[in-house]
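Dear colleague,

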Amino acid sequence: MNIEFTPSAEKFIRRLVMFDGGPGYGLRLLVSPGGCSGMSAEFSVEPTPKEGEQVFQHAQFKLFLPAQSRLLLDGVTIDFKETATSTGFSFIDPKAKACGCSSKSEAPAFEETA
């Protein structure tokens, strides 16, 4: 599986796991298709993966990914953006096709559950 992270996403995930969990904890990342806007995500800090989840080990943290998330995230760069009006993960998918309401292949996902 090939997933890239921007420095801001790495920093956000490291801090989230450190403050909401601790050593050995990981980030459960549930990604689903978001229609025209790309993908949406829900996440939580957890001590262990659930049955059927695969552990993606990054140099600084680990992700717990269910099958659908693994399929959707392969080849994607995960970013984290914080603006005056929204905060959350953004997915940059080079395979995504532009639709009628957007010309970018960047899919914002600002649904957060922690």
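Below is an account of what was found, going from the whole chain to single residues.

Please bear in mind that this is a predicted model, in which local features need pLDDT of at least 70 and side-chain atom pairs count only at pLDDT 80 or more, while totals for chains, interfaces and linings use all residues. Residues are numbered from 1 along each chain as its sequence is written, and side-chain values use heavy atoms, with hydrogens and water left out.

The chain as a whole

The chain has two helices and eight strands, where helices (H or I, at least four residues) and strands (E, at least two) are DSSP runs numbered from the N terminus. Read from the N terminus on, these elements follow the order β-α-β-β-β-β-α-β-β-β. Of the 114 residues in the chain, 37% are buried; buried means under 20% relative accessible area, exposed means over 50%, and partly exposed is in between, with a 1.4 Å probe and protein chains only. The accessible surface of the chain comes to about 6,500 Å², and 53% of that surface belongs to carbon and sulfur atoms; such areas come from the Shrake-Rupley method with a 1.4 Å probe, and for residues only the protein chains shown count as cover. Among the contacts in the chain with a separation of 6 or more, 51% are between residues 24 or more positions apart, a contact being heavy atoms within 4.5 Å.

The strands and how they pair

Four strands form an open sheet of mixed pairing, in the order β3-β2-β5-β4; two strands pair if DSSP finds at least two bridges between them. The edge strands of this sheet are β3 and β4, each of which pairs on one side only, and neighbouring strands of the sheet are turned by 30° against each other on average, direction ignored. For such angles, axes are lines fitted to C-alpha atoms, for helices over the stretch in contact, and the angles run from 0 to 180 degrees between N-to-C directions. Within the sheet, β4 and strand β5 (residues 62–65) run antiparallel and are joined by four bridges, with Leu65 in β5 as the bridge partner of Gln54. Helix α1 (residues 7–20) lies across β2 and β3, and runs at about 35° to β3.

Elsewhere, strand β1 (residues 3–5) runs parallel to β6 and is joined to it by three bridges, and Ile3 has Val76 in β6 as its bridge partner. Strand β6 (residues 76–82) also pairs with strand β7 (residues 87–92), in the antiparallel sense and over six bridges. β6 and β7 form a hairpin with four residues between them, and in β7 the bridge partner of Glu82 is Thr87, while that of Ile78 is Phe91.

The salt bridges

How many salt bridges does a search of the whole structure find? The search finds two, a salt bridge being a side-chain nitrogen of Lys or Arg within 4 Å of a carboxyl oxygen of Asp or Glu. In one, the side chains of Glu46 and Arg28 meet at 3.4 Å, N to O. Glu46 lies in strand β3 (residues 39–46) and Arg28 in strand β2 (residues 26–33), so this pair ties together parts that are 18 residues apart in sequence. Glu46 counts as partly exposed at 22% relative accessibility, whereas Arg28 counts as buried at 5%.

Arg28 also forms a salt bridge with Glu53, and here the closest N and O atoms are 2.7 Å apart. Because Arg28 lies in strand β2 and Glu53 in the loop between β3 and β4 (54–57), this pair ties together parts that are 25 residues apart in sequence.

Glu53 is itself buried, with a relative accessible area of 14%. A polar atom of its side chain lies 2.7 Å from the backbone nitrogen of Lys50. Not counting residues up to four places away in sequence, Glu53 touches Arg28, Leu30, Phe64, Leu65, Pro66 and Arg70.

Conventions: Polar contact = N/O pair within 3.5 Å; in protein donor to acceptor, adjacent residues only side chain to side chain.
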